[in-house]
Amino acid sequence: MKKRITAKTHLKEILELGNACSRKNNCCKHGSGFLIGDDLKNISKFLKIDEERLEKKYLEEKDLFNKKILRPRLKTKDKPYGECIFFDENGCSINEAKPLQCKVGNCSEYGEELSAWFLLNYILDKDDPESVRQYALYIKSGGKVLEGGKLEEIIPDKNKLKKILGYEILR
Ligand code: SF4
């Protein structure tokens, strides 16, 4: 039976579910995972290059739900999808230090839920109205919503939520 993933599911359990991925590296052929917490430091240590050089040579900054966030560059330039720069014929060349999102995974049978969990726990900023508005658009366009991830669960104050969505609260 499929496990129930909610916004509050513990990271440990999420990583176990991510491990169930068939690991055929499909994700790595079509994109890369976002860096969270100590990922930058860990990859820098693993590759034995300083963080500044790592960022310049291998990473790119993306704007996600109004948050600036790093991910490994793609080999394809000017395309939103393509092979991760760290992917080679043996798989992930930084496997021991790969970004948290790669560990969480997004292509197992729990793919949609895992992506939604990552978004809720590491990307969405409930204190940033623009982030909340972009999350509302994500939901409107059919994005997966976990238990604990409904707009009214994120911003329980109905009046405040209405003002955020109506651009009456800008920041
Ligand atoms: S860092 Fe590794 S696991 Fe993550 S997308 Fe790149 S090759 Fe794949």
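How many Å separate the centres of domain 1 and domain 2, taken over C-alpha atoms? The separation of these two centres is 27 Å. The model is predicted. Its protein chain is divided into domain 1, residues 11-111, and domain 2, residues 124-171.

**Two crossing helices**

Start with helix H7, residues 129-140, and helix H9, residues 158-165. Their axes come within 9 Å. They cross at roughly 85°. H7 is therefore roughly perpendicular to H9, because angles of 65 to 115 degrees fall in that class.

Which residues meet here? H7 brings Pro 129, Val 132, Arg 133 and Ala 136. H9 answers with Leu 161, Ile 164 and Leu 165. Six of the residues in the contact of H7 with H9 are nonpolar, one is charged and none is polar.

**Aromatic pairs**

A pair of aromatic rings is described by the distance of the centres and the angle of the planes. The count for this model comes to six aromatic pairs. Two of the pairs are set out below.

| Pair | Centre to centre | Between the planes | Class |
|---|---|---|---|
| Phe 118 and Tyr 122 | 5.4 Å | 35° | tilted |
| Tyr 135 and Tyr 138 | 5.5 Å | 20° | stacked |

Take Phe 118 and Tyr 122. Both lie in helix H6, residues 111-123. They are four residues apart, about one turn of the helix. Tyr 122 is partly exposed, with a relative accessible area of 23%.

Now take Tyr 135 and Tyr 138. Both lie in helix H7, three residues apart, again about one turn of the helix. Tyr 135 counts as buried, because its relative accessibility is 1% and the cut-off for buried is under 20%.

Leu 40 lies in helix H3, residues 39-47. Its relative accessibility is 18%, so Leu 40 counts as buried.

What does Leu 40 touch, not counting residues up to four places away in sequence? The partners are Leu 35, Leu 54, Leu 59 and Leu 70, together with Glu 51 and Glu 55.

Asp 128 lies elsewhere in the chain, 88 residues from Leu 40 in sequence. In space, Leu 40 and Asp 128 are 24 Å apart, C-alpha to C-alpha.

Conventions
Residues numbered from 1 in each chain as written. Predicted model: local features only at pLDDT ≥ 70, side-chain atom pairs only at ≥ 80, totals over all residues. Heavy atoms only, no water. Axes fitted to C-alpha atoms, helices over the stretch in contact; angles between N-to-C directions. Parallel < 35°, antiparallel > 145°, perpendicular 65-115°, else oblique. Contact = heavy atoms within 4.5 Å. Nonpolar A, V, L, I, M, F, W, Y, C, P; charged D, E, K, R; others polar. Domains from an automatic or database assignment. Phe/Tyr/Trp six-rings, centres within 6.5 Å; stacked < 30°, edge-to-face > 60°. Buried < 20%, exposed > 50% of the residue type's maximum accessible area, 1.4 Å probe, protein only.
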